[in-house]
Amino acid sequence: MTTDTTAYDDDLNDQVPAVGDPADFDAFFAEQDTTRPRQPFTLYGTRYVLPDSLPLMFTLQMERVQNSSDPADVRRMLATLFGGDTLDVWAENGMTDRQFGIVLIYSAANMRTPGSVTMQRAAELHDEQERARSGGKAPAAPNRAARRAKPKKNGKRRSSGKQ
């Protein structure tokens, strides 16, 4: 089916199309795809190559399922970026929610600008986001938490100094 769009926008009338064959976006985009850099990474023995920008299907799915907690929705979104049963493979390899978040931050940053964010920086950004979500409180240091959990040696309570 061919659609004539010239009636919809008078500004297009000012542009003179080239004489000959119609514009071929398939060929143009195929040529573009071979010249744009892409960021590769390896995870659980599989090499992934990030797209040069977010696929439209990913963006549409993200809008539709942004409040969903259904693993099938996450599975479909990841398949758009990484292919197949990525979520299941990563989960079977013991990926934690922190690791998952780091991979997503790394991937999002490096799609458009390969090499713009290191894995270490992605981890820092993830941890900053987690602190912000928890009200800005950093988790208690393990030694402090352990000290609080231990019972007092002599069972006496410390005085507050008030009488």
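## Ground rules

Residues are numbered from 1 along each chain as its sequence is written, and side-chain values use heavy atoms, with hydrogens and water left out. Since the model is predicted, local features need pLDDT of at least 70 and side-chain atom pairs count only at pLDDT 80 or more, while totals for chains, interfaces and linings use all residues.

## The overall layout

The chain has 7 helices and 2 strands. Both kinds of element are DSSP runs numbered from the N terminus: helices are H or I with at least four residues, strands are E with at least two. Reading from the N terminus, the order is α-β-β-α-α-α-α-α-α.

Of the 163 residues, 19% count as buried. Here buried means under 20% relative accessible area, exposed means over 50%, and partly exposed is in between (1.4 Å probe, protein chains only). As for contacts (heavy atoms within 4.5 Å), take those in the chain with a separation of 6 or more: 44% of them come from residues 24 or more positions apart.

## α2 against α3

Two packed helices are described by the angle between their axes and the distance between the axes. Helix α2 (residues 56-65) and helix α3 (residues 71-82) have axes that come within 9 Å and cross at roughly 165 degrees. Axes are lines fitted to C-alpha atoms, for helices over the stretch in contact, and angles run from 0 to 180 degrees between N-to-C directions. The pair is therefore roughly antiparallel. For the angle labels, under 35 degrees is roughly parallel, over 145 roughly antiparallel, 65 to 115 roughly perpendicular, and the rest oblique.

The crossing of α2 and α3 is left-handed, a label used if the near helix is turned anticlockwise from the far one by less than a right angle, with right-handed used if clockwise. On the α2 side you'll find M57, F58, Q61, M62 and V65, meeting D73, R76, M77, T80 and L81 of α3. The residues of this contact split into 6 nonpolar, 2 polar and 2 charged.

## α5 and its two partners

The axes of α3 and α5 come within 13 Å and cross at roughly 40 degrees, which makes α3 oblique to α5. This crossing is left-handed. From α3 come V74, L78, L81 and F82, and from α5 come F100, L104, S107 and M111. By type, that contact has 7 nonpolar residues, 1 polar and no charged.

With α6, α5 packs at about 115 degrees, and the axes are 8 Å apart. This crossing is right-handed. D97, R98, G101, I102, I105 and Y106 of α5 meet M119, A122, A123, L125, H126, D127 and Q129 of α6. The residues involved are 7 nonpolar, 3 polar and 3 charged.

## The nonpolar core

A nonpolar core is a set of buried Ala, Val, Leu, Ile, Met, Phe, Trp, Tyr and Cys residues joined through side-chain atoms within 4.5 Å. The largest one has 21 residues, and F41, L43, Y48, F82, W90, V103 and A122 touch the most other members. Two or more residues each come from β1, α2, α3, α4 (86-92), α5 (97-112) and α6 (119-133). The largest share, 5 residues, belongs to α5.

Beyond its neighbours within four places in sequence, F41 is in contact with T46, R47, Y48, L50, F82, V103, Y106 and S107. S107 sits in helix α5 and counts as buried at 1% relative accessibility.

## Other residues to look at

D52 is in the loop between β2 and α2 and is buried at 11% relative accessibility. Not counting residues up to four places away, D52 touches D33, R36, P37, R38, M111 and R112. A123, in helix α6, is buried at 10%. Its C-alpha atom is 5.3 Å from that of I102, 21 residues apart along the chain.

Most residues other than glycine have a negative phi. Y44 has a positive phi, near 55 degrees. Y44 lies in the loop between β1 (40-43) and β2 (46-49) and is partly exposed, at 32% relative accessible area.

Note on methods
Ala, Val, Leu, Ile, Met, Phe, Trp, Tyr, Cys and Pro count as nonpolar, Asp, Glu, Lys and Arg as charged, and the others, Gly among them, as polar.
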